[in-house]
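Student: I would like to go through the labels used for this model and check each against its cut-offs. Please show the structure before we start.

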Amino acid sequence: MKTIGANYIEKNRCVFTIWAPEKKNVTLRIVSPDKREVGMTPIEWGYFQVELDNVAPGTRYIFKLDDGNEYPDPASHFQPEGVHGPSEVVDQSAYRWRDQNWRGLSFRDLIFYQLHVGTFTPTGTFEAIIPRLDALVKLGINALQLLPISQFPGERNWGYDGVYPYSVQYSYGGPNGLKKLVDACHRRGIAVFLDVVYNHLGPEGNYFSQYGPYFTDKYQTPWGNALNFDREWSDGVRDFFAENVVFWFEQYHVDGLRFDAIHEIFDRSAISIWKLIHQNVKHLEQRLGRSLYLVAETDLNSPDVVKIPELGGYGFDAQWLDDFHHAFHVQINKAGKEKYTDFCRMEQLAKAYTDGFVSSGEYVAFRQRKYGASSAGISGDRFVVFNLNHDQIGNQSGRERLSLLVDFDRQKVAAAAILLSPYVPLLFMGEEYADEAPFFYFISHSDPKLIKLVQEGHKNDFAEFAGGSELPDPIEEATFRQSKLQWSTRSRGKHQTMLRWYQTLIEIRRSLPALQNVSKNDLRVTVLGQAGFVMHRQTVDGQQQLLCLFNLSDETVTYALPVWVDVWNKLLDSKEANWRESGASEKELLPVQVSTGQTLHLPPCSVTLYSGRIATN
């Protein structure tokens, strides 16, 4: 595996390496601060290389191919002039890290906070996030998941149009800005995950095909030809992306990567790209002395995703669980049943808690075929669950925040659904205080034809979700501005109430041993007709028992407390927290003892938590 790109050594010495198979000549051209042209030496497997003196950090360069055309470095570490400009040499060793004592966190203990750098703060930079970290720590967040931060066209984008997988977006603050953020997070006990995209590259500034066969028409994706991981000349492509994984861990000290839509990555090699990545990361873990995590977004509903390669798996530590989102969403937002028609029964939500995948081999109408495999028995810490993420909000009308779809009580119940679950929870920025800002789709491409294509495609694809209203134009800066968080509202009225509710749930999640048991063997769910459900959780030794009572209906539901404990203590009631909305009192809600066997009347749209210990005789 070659270290590609501009590898700065020391004392203004740099090794430039580029993969350009089928090219006879490649020339390195230094464009600033001085001007030089140097022919590169072909070495092996389609690589060209040259080592130069008098190349200081900040030197800008491009490559000239044998057809006379010039292009930026696909493995560029920085593109300060954007996707069409020259690449810049970066001394990755220059930053003085202060996280030497950081050893990471256990994955099962994480509470993710997904954010988009450009819209999380008014200025939209890495460093602007740092002053808000203490507020996130107070909330209970201990893991940031950043939407893609690799260089994309212009200054406004979700990040999935990135075309330089090694380059940190210049408008966010570039390499040093990201390092400062990661350093600040680690000092506060926060892990950092990056969203990486290996299933496609963006359309503007994508010069990969000019260098070699990075793509293949053997497989097709929603974005066109697939990346070439198993055809002729695929070794260079595999090395490019496998090394990129190591690059983020090693040079930027991140704790994990979330891989976008891995079902659109095709590889029939004996040693798949996933096995190669898994091997590299395990070796790196041993060298660095800390855990490094790989998380998959996948449409496969396959337990193989989280199995180790030695057992025929992909080697991921966890995967997103979309089935949980769908099954719960239809229960609190009846309009969602039109979209998620295969997830409409309470029994399916119960299965999402006890098994994971709802679709596990049954016929699925949406797909018109049998779909999925069972994930029963896979521990809860191998799945990430959420009520909101960038897709669920933005890949519809952009106005799909729960705060804009359902009432306050249902938002509270939704928070409890993920934070009392056996899974690793993820919040989308602003969810914790019911932010009402939309998260629209936005771009800042420079190619007029591409802009028109994106505008028309977005309008056609998402018109059905707009409810008859006009979708905001993705290219307009106002669309981006409207998507900025309304952070100041978190300290006022209902937003402050919701923030306290999330804080309470996170504190309970961390303080009760039964909620830290991720074994599916110690979790049961009883449905209350189609009105709600009771989730029963317990400690590994079975001594502490928890009942999470969810009434998702608009009617009161009765439930008789089990008799197999001495006494039940009511720890939490979403309705009793309503006093916080008026600010009439700041008293803490104390546990209330309730007789075993007592019949409870669960208020409409509520969640109640009871704790007890097994009766001794």
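Student: Why does Glu51 count as partly exposed?

Tutor: This is a predicted model, so local features need pLDDT of at least 70, side-chain atom pairs count only at pLDDT 80 or more, and totals for chains, interfaces and linings use all residues. Residues are numbered from 1 along each chain as its sequence is written, and side-chain values use heavy atoms, with hydrogens and water left out. Buried means under 20% relative accessible area, exposed means over 50%, and partly exposed is in between (1.4 Å probe, protein chains only). Glu51 has 41% relative accessibility, so the label is partly exposed.

Student: What makes the contact between Arg13 and Glu51 a salt bridge?

Tutor: The rule asks for a side-chain nitrogen of Lys or Arg within 4 Å of a carboxyl oxygen of Asp or Glu. For Arg13 and Glu51 the closest N and O atoms are 2.4 Å apart, and the pair is a salt bridge. Arg13 is in the loop between strand 1 (5-8) and strand 2 (14-19), while Glu51 is in strand 6 (residues 47-52), 38 residues apart, and the pair links distant parts of the chain. Helices (H or I, at least four residues) and strands (E, at least two) are DSSP runs, numbered from the N terminus. Arg13, at 28% relative accessibility, also counts as partly exposed.

Student: How many salt bridges does the rule give?

Tutor: The count is 29 salt bridges. Among them is Arg345 with Glu347, whose closest N and O atoms are 3.3 Å apart.

Student: Which labels, buried or exposed, go to Arg410 and Asp554?

Tutor: Arg410 has 11% relative accessibility and therefore counts as buried. Asp554 has 55% and therefore counts as exposed. Their side chains meet in a salt bridge at 2.4 Å, N to O. This pair links distant parts of the chain, with Arg410 in helix 12 (residues 408-419) and Asp554 in the loop between strand 26 (544-551) and strand 27 (557-560), 144 residues apart.

Student: Why is the pair of Phe112 and Phe193 called edge-to-face?

Tutor: Rings of Phe, Tyr and Trp (its six-membered ring) pair if their centres lie within 6.5 Å; planes under 30 degrees apart count as stacked, over 60 as edge-to-face and the rest as tilted. Phe112 and Phe193 are 4.8 Å centre to centre with 85° between the planes, which makes the pair edge-to-face. Phe112 lies in strand 10 (residues 112-115) and Phe193 in strand 14 (residues 191-196), so the pair ties together parts 81 residues apart in sequence. Both Phe112 and Phe193 are buried. The structure holds 46 aromatic pairs.

Student: How do you know that the charged end of Arg258 sits over the ring of Trp320?

Tutor: The criterion is NZ of Lys or CZ of Arg within 6 Å of the ring centre and within 35 degrees of the ring normal. The charged end of Arg258 is 4.2 Å from the centre of the Trp320 ring and sits over that ring. Arg490 is placed over the ring of Trp487, at 4.1 Å from its centre.

Student: What makes strand 17 and strand 18 a pair?

Tutor: Two strands pair if DSSP finds at least two bridges between them. Strand 17 (residues 256-259) and strand 18 (residues 293-296) have four bridges, in the parallel sense. Leu257 stands opposite Leu294 in strand 18. Eight strands close into a barrel in the order 10-11-14-17-18-19-22-23, with parallel pairing.
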